[in-house]
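Subject: Handover of a structure, with notes

Dear colleague,

Please find below the structure that I am handing over to you. My notes on it come after the display.

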Amino acid sequence: MKAIELQAPGGIENLKLVERPTPEPGRQEILIRVKASALNYRDVEIARGSYHTQFDLPLVLLSDGVGEVAAVGAEVSRFKVGDRVCGTFWQRWAGGSFAMVEATYQRGGPIDGMLSEFALLDEQAAVLAPDNLSDIEAATLACAGVTAWHALFTEGRLKPGETVLSLGTGGVSLFAVQFARAGGAHVIVTSSSDEKLARAKELGAHDGVNYRDNPDWGQTVLALTGGRGADHIIEVGGPQSFAQSLKAAARGAQINVIGYLGGSEGSINPLDIFRRQVTARGVPVGSRESFEAMNRAIAVNGIRPVIDSVFPWTAVAEALRYLEHGSLFGKVALDHTR
Ligand SMILES: NC(=O)c1ccc[n+]([C@@H]2O[C@H](COP(=O)([O-])OP(=O)(O)OC[C@H]3O[C@@H](n4cnc5c(N)ncnc54)[C@H](OP(=O)(O)O)[C@@H]3O)[C@@H](O)[C@H]2O)c1
């Protein structure tokens, strides 16, 4: 089979198309023919060698992908040949708390990912893809989608009428907009672009705030909520936006600490957490149980992931550079059929 390896010493230019033996499934494994895969910022960082963890190379990148089951091991009971499945981000977190995670079992680093013609998955690390989605759409769910779902529903227990503040219009944040809207929330989005704010409103957001034109955007969120603030915050900006997120928070709000798109340096006053009785929570993608719950919601509510662009899978280097430098709205996916 063909696969694309990140070869030592790392760097997007060191992604190489290679021939590898097609693996045979062990007794509780499934072999999938990958139909589509999708990129996350993590993949850019791993390829560049700037990710917070260094993995052994060569490595097949990408945590996210969907495929058709081509072969099953002798004891597989969850899937049959022909099923359409997505792989999970964590290979050994079926459900329950994060204490159940085995940190070395993440797909796309350190375990080989989806950037390949075939991928071998433990049957416990796969879910059926939602029927209402195309392969390209289903490929985008494993990391960004599950992260948003885990934050708002698995942990956040979102209730109708609460306010969700989603920062930026990246992959995680747009899933959060769609899920929050389906959950009956008042949805506020921030963006550096008025055009993207308009598109986020078409997707279901009620209000938008331009964080570039309006550096004190926390105050604007308070004004949009009659002074009450947001109950759930999708915090992807990191230390530089956290102080504004605290300003935008309702009493008892939940701030989901997810990313650091604005940089990893900065400071906050912990007393602001105390004053508003805020809960700040790190979000580690989510479990298979969360993935399955999310897929039911996607099917019932007819939710379709937002796709910014699709590249042939062998053009992954171009796609990673686009993700790194482009002005995106939605996910970047790879088509493995071309
Ligand atoms: N903890 C986890 O489980 C987990 C899972 C997935 C991702 N992440 C992390 O979460 C972050 C978001 O991931 P993603 O896949 O959604 O990224 P993405 O798709 O690359 O998001 C890019 C968007 O983020 C927005 N942005 C950039 N700088 C910002 C800032 N300072 N404040 C607010 N928004 C800003 C921009 O929106 P506008 O163009 O609208 O301004 C930009 O278009 C990344 O840091 C990623 O590594 C963490």
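The notes below go through the domains, the ligand shell, the strands and some backbone features.

The model is predicted; local features need pLDDT of at least 70, side-chain atom pairs count only at pLDDT 80 or more, and totals for chains, interfaces and linings use all residues. Residues are numbered from 1 along each chain as its sequence is written.

Domains

The domain assignment gives domain 1 (2-140 + 305-335) and domain 2 (145-282); such bounds come from an automatic or database domain assignment. Taken over C-alpha atoms, the centres of domain 1 and domain 2 are 28 Å apart. Eight residues from domain 1 and eight residues from domain 2 take part in the contact, where two residues are in contact if their C-beta atoms, placed from the backbone, lie within 7 Å. The side of domain 1 that touches domain 2 has four nonpolar, three polar and one charged residues. In these classes, Ala, Val, Leu, Ile, Met, Phe, Trp, Tyr, Cys and Pro count as nonpolar, Asp, Glu, Lys and Arg as charged, and the others, Gly among them, as polar.

Ligand shell

There are 30 residues around the ligand, and Gly168, Gly170, Gly237, Gly259 and Gly262 come nearest; a residue is near a molecule or strand if its C-beta atom, placed from the backbone, lies within 6 Å of it. By class, the shell has 13 nonpolar, 15 polar and two charged residues. Domain 1 and domain 2 each give at least three residues to this shell. Helices H1 (41-48), H3 (141-155), H4 (171-182) and H7 (239-248) each supply at least two. Helices (H or I, at least four residues) and strands (E, at least two) are DSSP runs, numbered from the N terminus.

Strands

An open sheet of three strands has the order E2-E1-E4, with antiparallel pairing. Strands E2 (15-19) and E4 (59-60) stand at its edges with a single partner strand each, so one side of each has no neighbour in the sheet. Two strands pair if DSSP finds at least two bridges between them; E1 (residues 2-6) and E2 have five, in the antiparallel sense. Ala3 stands opposite Val18 in E2.

Strand E10 (residues 186-191) has six of its six residues buried, that is, with 20 or more other C-beta atoms within 10 Å of their own; a residue is exposed with 12 or fewer and partly exposed in between, with C-beta atoms placed from the backbone. On one side of E10 these are His186, Ile188 and Thr190, and on the other Val187, Val189 and Ser191. E10 runs parallel to E9 (residues 163-167), joined by five bridges, and pairs in the parallel sense with E11 (residues 207-210) over four bridges. Thr190 is the bridge partner of Leu167 and also of Val209 in E11. The chain crosses from E10 through helix H5 (residues 194-203) to E11 in a right-handed β-α-β crossover. Right-handed means that, with the strands pointing away from the viewer, the path from the first strand over the helix to the second runs clockwise.

Backbone features

Most residues other than glycine have a negative phi, and most peptide bonds are trans. A cis peptide bond joins Leu57 and Pro58, with omega about 5°. Leu62 has a positive phi of about 90°, and this residue counts as buried because 31 C-beta neighbours lie inside 10 Å. Arg157 also has a positive phi, near 50°, but is exposed, with 10 other C-beta atoms within 10 Å.

Yours sincerely
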